[in-house]
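Here are my notes for your next look through the coordinates.

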Amino acid sequence: MACHLLVTDFAIPLKSPNLSHLRLQRKGSSNGSQKVSTTVAYYGLKTPPYNLDGLEPYMSKRALEVHWGVHHRGFVEDLNKQLGKSDILYGYTMDELVKATYNNGNPLPEFNNAAEVWNHDFFWESMQPGGGDMPKLGLLEQIEKDFGSFTNFREKFVETALSLFGSGWVWLVLKRQEKRLAVVKTSNSINPILWDDIPILNLDMWEHAYYLDYRNDKAKYVSTFMNYLVSWNAAMDLLKACKVTTAHVCRAPYVGVSNLISASLNVTGLESIIGK
């Protein structure tokens with residue numbers, strides 16, 4: 001998680017993803033006779049793991065400038081404005097913030113922006129230059145086990161994306177209890193971590209994700225994602241992290257796929273994925 005302490009005019013980046021022990025001074029507070037500097041926690045805008053022209057010609061630099069530079073940035077800035085009104089949510093990891101603001105199905109005002117920040121950070125890491133094609137052996141075998149074949153998986157993913165009504169997301173997830181891969185779709189800002197699934201990759205199906213490059217041709221957008229953009233390397237890295245027998249693995253939206261947040265999931269039965 002990229003969180004910063006902003007004190008006057010400069011920022012000090014925090015290395016730890018867990019800020020549960022962070023204590024922040026309220027604006028205008030004082031310590032005895034000496035006034036304390038205003039200190040506020042902000043979530044940062046994460047840069048995609050490639051240049052903005054790195055996905056061309058399949059996703060244009062202009063599309064990234066608008067999608068990441070305007071829409072994604074807007075979610076971050078709006079979230080920070082909301083969090084600046086109260087310190088009740090300071091110190092949360094992004095995962096914790098999404099779950100807390102969902103509020104058991106009665107979302108708080110901060111939820112949509114928090115979830116969209118998480119979802120977009122994950123989306124950029126779900127793609128790579130020279131992506132697409134077929135996943136590597138370990139991941140491919142797991143897909144074939146859970147979907148019957150890679151062709152079945154691909155058809156399921158495309159069908160799910162194109163059947164999504166309105167705006168939302170399509171995800172490849174690891175089902176925690178069943179210990180299997182599944183394709184799910186969510187409306188608007190909903191994130192599958194809310195029902196304890198582990199995201200492996202996602203595809204943004206909001207109109208702003210594809211309109212500049214594909215207009216209303218969602219089928220071509222989804223097909224291009226599968227053929228040329230999806231990062232099977234990132235997906236495999238996540239599944240490899242499941243080698244730890246008590247690991248709740250979720251790609252940390254602010255630290256990159258190589259640094260994963262771990263908590264508690266029994267993943268016995270997925271070890272066949274590892275080392276292939």
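1. Are α6 and α7 roughly parallel or roughly perpendicular to each other? Keep in mind that this is a predicted model. Helix α6 covers residues 207-214 and helix α7 covers residues 218-229, and the two pack at an angle of about 100°. An angle of 65 to 115 degrees counts as roughly perpendicular, and α6 and α7 are therefore roughly perpendicular to each other. Their axes are 10 Å apart.

2. Have a look at the side of α6 that meets α7. From α6 come Ala209, Tyr210 and Tyr214, and they meet Lys218, Lys220, Tyr221 and Thr224 in α7. By class, this contact holds 4 nonpolar, 1 polar and 2 charged residues.

3. The axes of α4 and α8 cross at roughly 80° and come within 9 Å. It follows that α4 and α8 are roughly perpendicular to each other. On the α4 side the contact is made by Gly138, Leu139 and Ile143, and on the α8 side by Trp232, Ala235, Met236 and Leu239. The residues of the contact of α4 with α8 divide into 6 nonpolar, 1 polar and no charged.

4. Staying with α4, which of its residues are buried? They are Gly138, Leu139, Leu140, Gln142, Ile143 and Phe147. These buried residues pack against α5, β6, β7 and α8. Just after α4 comes Gly148, which takes a positive phi of about 95°.

5. Helix α5 (residues 150-162) passes a simple length check. With 13 residues at 1.5 Å a residue, α5 should span 18 Å, and its end C-alpha atoms are 18 Å apart, which agrees. If you want to repeat the sum, the expected span is 1.5 Å times one less than the number of residues.

6. What about the burial pattern of α5? The buried residues of α5 are Phe150, Phe153, Phe157, Val158, Thr160 and Ala161. Viewed down the axis of α5, they fall within an arc of 165°, so they line one face of the helix. An α-helix has 3.6 residues a turn, so residues three or four places apart point the same way. As for partners, the buried residues of α5 pack against α4 (137-147), β6 (168-175), β7 (180-187), β8 (198-204), α7 and α8 (232-240).

7. Now for some backbone details to check by eye. The peptide bond from Glu56 to Pro57 is cis, with omega near 5°. Pro57 lies in the loop between β5 and α1 (61-83).

8. Two aspartates have a positive phi as well. Asp133 sits in the loop between α3 (111-125) and α4, and its phi is near 65°, a positive value in a residue other than glycine. Asp196 is placed in the loop between β7 and β8 and has a positive phi of about 75°, although it is not a glycine. Are these residues buried or exposed? Asp133 counts as exposed, at 59% relative accessibility, while Asp196 counts as partly exposed, at 33%. The cut-off for exposed is over 50% relative accessible area.

9. Two C-alpha pairs may be handy if you set up distance checks. Tyr42 belongs to strand β5 (residues 39-43) and is partly exposed, with a relative accessible area of 29%. The C-alpha atoms of Tyr42 and Leu79 are separated by 8.7 Å, although these residues are 37 residues apart along the chain. In the other pair, Arg62 and Leu52 are 10 residues apart in sequence and 8.2 Å apart in space, C-alpha to C-alpha. Arg62 is found in helix α1 and counts as exposed, at 53% relative accessibility.

10. Finally, some totals for the whole chain. How many helices and strands does the secondary structure of the chain come to? There are 8 helices and 10 strands. Of the 276 residues of the chain, 50% count as buried. Among contacts in the chain with a separation of 6 or more, residues 24 or more positions apart account for 63%.

How values were computed. Residues numbered from 1 in each chain as written. Predicted model: local features only at pLDDT ≥ 70, side-chain atom pairs only at ≥ 80, totals over all residues. Heavy atoms only, no water. Axes fitted to C-alpha atoms, helices over the stretch in contact; angles between N-to-C directions. Helix = DSSP H or I, 4+ residues; strand = E, 2+ residues; numbered from the N terminus. Parallel < 35°, antiparallel > 145°, perpendicular 65-115°, else oblique. Contact = heavy atoms within 4.5 Å. Nonpolar A, V, L, I, M, F, W, Y, C, P; charged D, E, K, R; others polar. Buried < 20%, exposed > 50% of the residue type's maximum accessible area, 1.4 Å probe, protein only. Arc of directions from axis to C-beta.
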